[in-house]
Every structure is written in C-alpha cells, then in structure tokens.
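Visitor: I would like to go through this structure with you. Could we begin with the charged side chains?

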Amino acid sequence: MHMVRMDSYTPPSTSRYECTGCLSRFERESHLVNCPECGERVRNVAVPRE
C-alpha cells in the first residue's frame with residue numbers, strides 16, 4: 001500500500017463551499033461568493049460534514 005502524505009501548510013487546490021440559502025455544495029478552483037443555483041451567499045467549508 002502506498003500512502004500519500006499531505007503537507008498541512010499547503011492549501012488544497014480546490015475549495016469547498018456551501019450555500020447559506022439552498023444548502024447546495026460546490027467545489028471550485030477559484031473564489032466563489034454567490035451560489036450559482038440561487039444567488040445567495042456561500043461560505044467556505046474547510047472540512048466536509050459527510
């Protein structure tokens with residue numbers, strides 16, 4: 001088994017966002033401010049809750 005070690009100081013290449021209105025979730029490589037589904041504000045979710 002080959003283990004991949006992540007450097008905790010290097011930010012991930014994609015960011016996870018969750019809409020504060022419709023609760024949709026997105027992964028983007030660029031910064032996201034508004035939800036593409038409903039237009040409400042999104043928040044950056046550092047750790048997925050699934």
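Guide: A search of the whole structure finds three salt bridges, a salt bridge being a side-chain nitrogen of Lys or Arg within 4 Å of a carboxyl oxygen of Asp or Glu. Please note that this is a predicted model, in which local features need pLDDT of at least 70, side-chain atom pairs count only at pLDDT 80 or more, and totals for chains, interfaces and linings use all residues. Residues are numbered from 1 along each chain as its sequence is written, and side-chain values use heavy atoms, with hydrogens and water left out.

Visitor: Which residue forms a salt bridge with Glu 18 at 2.5 Å?

Guide: That residue is Arg 43, with 2.5 Å between the closest N and O atoms. Arg 43 belongs to strand 3 and Glu 18 to strand 1, so the pair ties together parts that are 25 residues apart in sequence. Strands here (E, at least two residues) are DSSP runs, numbered from the N terminus, as are helices (H or I, at least four).

Visitor: And what about Arg 25 and Glu 18, how do their side chains meet?

Guide: They meet in a salt bridge of 3.1 Å, N to O.

Visitor: Is Glu 18 buried or exposed?

Guide: Glu 18 counts as buried because its relative accessibility is 5%. Buried means under 20% relative accessible area, exposed over 50%, and partly exposed in between (1.4 Å probe, protein chains only). Arg 25, at 38%, counts as partly exposed, and Arg 43, at 39%, also counts as partly exposed.

Visitor: Where is the salt bridge of Arg 16?

Guide: The side chain of Arg 16 meets that of Glu 27 at 3.3 Å, N to O. This pair links distant parts of the chain, with Arg 16 in strand 1 and Glu 27 in strand 2, eleven residues apart. Arg 16 counts as partly exposed, at 34% relative accessibility.

Visitor: New topic. How do strand 1 and strand 2 pair?

Guide: They pair in the antiparallel sense over four bridges; two strands pair if DSSP finds at least two bridges between them. Strand 1 covers residues 15-19, and strand 2 covers residues 25-28. Tyr 17 has Phe 26 as its bridge partner in strand 2.

Visitor: How many residues lie between them in the hairpin?

Guide: There are five residues between the two strands, and Leu 23 in the turn has a positive phi of about 65°.

Visitor: Which residues make up the largest nonpolar core?

Guide: The six residues are Tyr 17, Cys 19, Phe 26, Leu 32, Cys 35 and Val 42. A nonpolar core is a set of buried Ala, Val, Leu, Ile, Met, Phe, Trp, Tyr and Cys residues joined through side-chain atoms within 4.5 Å.

Visitor: What does Cys 19 touch?

Guide: Leaving out residues up to four places away in sequence, Cys 19 touches Ser 24, Cys 35, Cys 38, Glu 40, Arg 41 and Val 42. Contact means heavy atoms within 4.5 Å.

Visitor: Finally, what pLDDT does the protein average?

Guide: The average is 80, and 68% of the residues score at least 70; pLDDT is the predictor's confidence in each residue, from 0 to 100.
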